[in-house]
Amino acid sequence: MAERVYVVTDIEVDGFVPGANSMLSLASVAVTADGEQVGEFEAVLAGLPGAQPDPQVWAWFHTQPPEVLAAATTDPQPVAGVMADYVAWVKGLGEEREFVASPLGFDGHYVDHYLRRFTPHAICEGLYVDDRLFHGPGLCLKSLACGLVGGDPATFSVHTLPREWFGEVPHTHRAIDDARGYAHLLVEVLRRSRERASA
């Protein structure tokens, strides 16, 4: 049986509503459960036609160091091309691929919207699709970590966890940096879960 590859993903956006707002950057780090890194993907995307930044989100960007906005907006590429490249990259990772985000309900919602709009794929494609992009409905890293440590789901944040769980990768709001940190976190959560199950 093929080893499962986890496609740990982070995005930066200019608002909370896919379509009305745009995904600015998309990054994924592909890892196995044992922590072997299989590949990385990073892209800055052009804005969607007719979409506008949310004023509050745009104001938040301007409270951050200038490199945060620069990383999410420099040299944007046409969206259709980025998403086609992303699909090709994911398909090259092996036979068993699982989408992961923290939280899945936000990042996954955006990526799913873009996949459905610009490619024949989605994150969760139903029972009767032969050419699946991902094999499963996606994993919420926030929920996995919350369950592991016994946190309160209403208030839990992964950023209260020890920095070493993130591989000491700083959370910079550059999508690829944050995806790398989340990939470390996933491997740590899976390792601790296995140890708990075998204790």
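Where is the place of Pro 103? The legends below begin with that residue in the predicted model.

**View 1. The cis peptide bond at Pro 103.** Pro 103 sits in the loop between β4 (96-101) and α4. The peptide bond that runs from Ser 102 to Pro 103 is cis, and its omega is near 0 degrees. Most peptide bonds are trans, and most residues other than glycine have a negative phi. Ser 102 and Pro 103 return in the next view, as part of the lining of the largest pocket.

**View 2. The largest pocket.** This pocket has a volume of about 400 Å³. It is lined by 21 residues, of which Asp 10, Ser 102, Pro 103, Phe 106 and Asp 107 are the closest to its centre. Four elements, β1 (4-13), α1 (55-61), α4 (104-118) and α6, each supply at least two residues of the lining. The largest share comes from β1, with 4 residues. Sorted by class, the lining holds 11 nonpolar, 5 polar and 5 charged residues.

**View 3. The second largest pocket.** The volume of the second largest pocket is about 170 Å³. Its lining consists of His 159, Leu 161, Pro 162, Arg 163, Phe 166, Glu 168, Val 169, Pro 170, His 171, Asp 177, Asp 178 and Gly 181. These residues divide into 5 nonpolar, 3 polar and 4 charged.

**View 4. Glu 168 and its backbone.** Glu 168 is one of the residues that line the second largest pocket. Its place is in the loop between α5 and α6. Glu 168 is not a glycine, yet its phi is positive, at about 60 degrees. The two helices on either side of this loop are the subject of the next view.

**View 5. Helices α5 and α6.** Two packed helices are described by the angle between their axes and the distance between the axes. The axes of α5 (residues 141-149) and α6 (residues 175-198) come within 10 Å and cross at roughly 40 degrees. That angle makes α5 oblique to α6. The crossing of α5 past α6 is left-handed. On the α5 side, the contact uses Leu 141, Leu 144, Ala 145, Gly 147 and Leu 148. On the α6 side, Tyr 182, Leu 185, Leu 186, Val 189, Arg 192, Ser 193 and Arg 196 take part. By class, the residues of this contact are 8 nonpolar, 2 polar and 2 charged.

**View 6. Helices α3 and α4.** The axis of α3 (residues 79-91) and that of α4 come within 10 Å and cross at roughly 105 degrees. The two helices are therefore roughly perpendicular to each other. From α3, the contact takes Val 79, Ala 80, Met 83, Tyr 86 and Val 87. From α4, Val 111, Tyr 114, Leu 115 and Phe 118 join in. The residues of this contact divide into 9 nonpolar, no polar and no charged. Helix α4 also supplies at least two residues of the lining of the largest pocket.

**View 7. The largest cavity.** Rolling a probe the size of a water molecule over the atoms shows where empty space is left. A search of the whole structure finds 1 cavity of 30 Å³ or more. About 40 Å³ of space lies in the largest cavity. Which residues line the largest cavity? They are Ser 25, Leu 26, Glu 42, Ala 43, Val 44, Ala 71, Arg 174 and Ala 175. Strands β2 (23-31) and β3 (37-44) each supply at least two residues of this lining. The most comes from β3, with 3 residues. The lining is made up of 5 nonpolar, 1 polar and 2 charged residues.

Notes. Residues numbered from 1 in each chain as written. Predicted model: local features only at pLDDT ≥ 70, side-chain atom pairs only at ≥ 80, totals over all residues. Heavy atoms only, no water. 1 Å grid on protein atoms, 1.4 Å probe; cavity = no way out; pocket = protein on both sides within 12 Å on 5 of 7 lines; lining within 4 Å. Points joined across faces, edges and corners; volume = space filled by probe spheres on them. Nonpolar A, V, L, I, M, F, W, Y, C, P; charged D, E, K, R; others polar. Axes fitted to C-alpha atoms, helices over the stretch in contact; angles between N-to-C directions. Parallel < 35°, antiparallel > 145°, perpendicular 65-115°, else oblique. Left-handed = near helix turned anticlockwise from the far one by under 90°. Contact = heavy atoms within 4.5 Å.
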